Amino acid sequence: MTQEEIYAEAIGRIRERRRAAERLQETRTDQIRREIPETAELDNQLRSACLSITHVLGKGDNRAKLEEIARHSMEADAMLRKILAAHGYPEDYLDLHYSCTICDDTGFTGGKPCKCLEQEIGRVGAEALNARSQLSLSGFDDFSLSYYADLPTEQYYAMQQNLAVCQEYAADFSPERAGNLYLFGGTGLGKTHLSLAIANEVLKKGYNVIYDSAINLMHILDQEQFRRTRESGDTLPSLLECDLLILDDFGTEFDTAFSRSMLYTIINSRVNAHKPMIVNTNLTHQEVQDRYGDRILSRLQRDGCIWLTVCADVRPVCVMCCTCT
Ligand SMILES: [Zn+2]
């Protein structure tokens, strides 16, 4: 998707939220009018007060008239709320309930895009990218520790601990507070499953998450940079801005100057902006250092991060802080 298409889709979704809030209010109004007929007269008074204000505003000295209309409508509103409460409904049952109370689901506040619109743009961009990913979401429920039953006891318990760390990371996730998570270990030991289970939980919280393999993302960025067409998207800003980026199979991408530069840009920018990442790799620390040099490794080690080794053969399974080398 191009940036224009992403923006148009995001605005469309915000407007649909506003329409949905208005439809809900209409439905509730009809329902309450049927159930409690005495509310109909009060509701009519409130509606005609709105019309009267519009009418009076166009005339000369109208302060006294406006005050009178305001007093009447406040009385009618208070009475309506009392009746609703007396019948077991919340007092604000007939109010408009917008998803965003800052912009009332218009997408703009003070002439600028509201935070909700920015979040929706991020979400649409992430969805478009994830649709191209070969990874599919999984859950913690179908992550079975029995798969690790043949490991030495110490390592089995370490896997149990890894699972608990990932569950806790997902449960406590917020883009402002979450640190980075690096999962090292051999193929087929559950790194991708654990990180996609985290993605699943974080998406349920309403945050935007991008999950894809390093090889796929580098291919997309390469296409956008060197083989642009009119349909080409603009993926890099989404990778830098999304609430959580999951970079799977770090180290399997083609090793080119472009991919190194892109990976450094992504990792460095996100670390500087304190934006959380999950990085999975089959490489050992030494191999990361040999392949990417100290620059990337030092960025990966910065800030509050958790390193999990999901591995039976390279080194003992461990859960360590960023001082782990
Ligand atoms: Zn808003």
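Helix α7 (residues 214-226) packs against helix α9 (residues 257-272) at an angle of about 110°, and their axes lie 10 Å apart. The structure is a predicted model, in which local features need pLDDT of at least 70 and side-chain atom pairs count only at pLDDT 80 or more, while totals for chains, interfaces and linings use all residues. Residues are numbered from 1 along each chain as its sequence is written, and side-chain values use heavy atoms, with hydrogens and water left out.

**Helix packing**

- Axes are lines fitted to C-alpha atoms, for helices over the stretch in contact, and angles run from 0 to 180 degrees between N-to-C directions; helices (H or I, at least four residues) and strands (E, at least two) are DSSP runs numbered from the N terminus.
- α7 and α9 are therefore roughly perpendicular to each other, a term that covers angles of 65 to 115 degrees, whereas those under 35 count as roughly parallel, those over 145 as roughly antiparallel and the rest as oblique.
- On the α7 side, M218, L221, D222, Q225 and F226 meet F258, S259, M262, L263 and I266 of α9, where contact means heavy atoms within 4.5 Å.

**Domains**

- The protein is divided into domain 1 (3-114) and domain 2 (133-320), with bounds that come from an automatic or database domain assignment.
- The centres of domain 1 and domain 2, taken over C-alpha atoms, are separated by 46 Å.

**Zinc site**

- The zinc ion has as its protein donors the SG atoms of C100, C103, C114 and C116, lying 2.3 Å from it; donors are N, O and S atoms within 2.8 Å of the metal (3.2 Å for Na, K and Ca), and water is not among the atoms, so sites may look incomplete.
- The site of the zinc ion is tetrahedral, with angles of 101 to 116° among its four donor atoms; four donors count as tetrahedral if all angles lie between 85 and 135 degrees.
- Along the sequence, the donor residues of the zinc ion follow the spacing C-x2-C-x10-C-x1-C.

**Residues with positive phi**

- Most residues other than glycine have a negative phi.
- D105, which is not a glycine, has a positive phi of about 55°; D105 is found in the loop between α3 and β1 and counts as buried at 1% relative accessibility.
- D249 likewise has a positive phi, near 55°, in a residue other than glycine; D249 lies in strand β5 (residues 244-250) and counts as partly exposed at 26% relative accessibility.

- T281, in strand β6 (residues 277-281), counts as buried at 2% relative accessibility and, leaving aside its neighbours within four places in sequence, is in contact with L183, F184, G185, K191 and F250.
- R291, in helix α10 (residues 285-300), is buried with a relative accessible area of 19%, and its contacts, leaving aside neighbours within four places in sequence, are G251, E253, F254, D255, R260 and L283.
- The C-alpha atoms of R291 and P37 are separated by 75 Å, and the two residues are 254 residues apart along the chain.

Definitions and conventions:
Tetrahedral: all angles 85-135°; square planar, octahedral: opposite > 155°, others 65-115°. Buried < 20%, exposed > 50% of the residue type's maximum accessible area, 1.4 Å probe, protein only.
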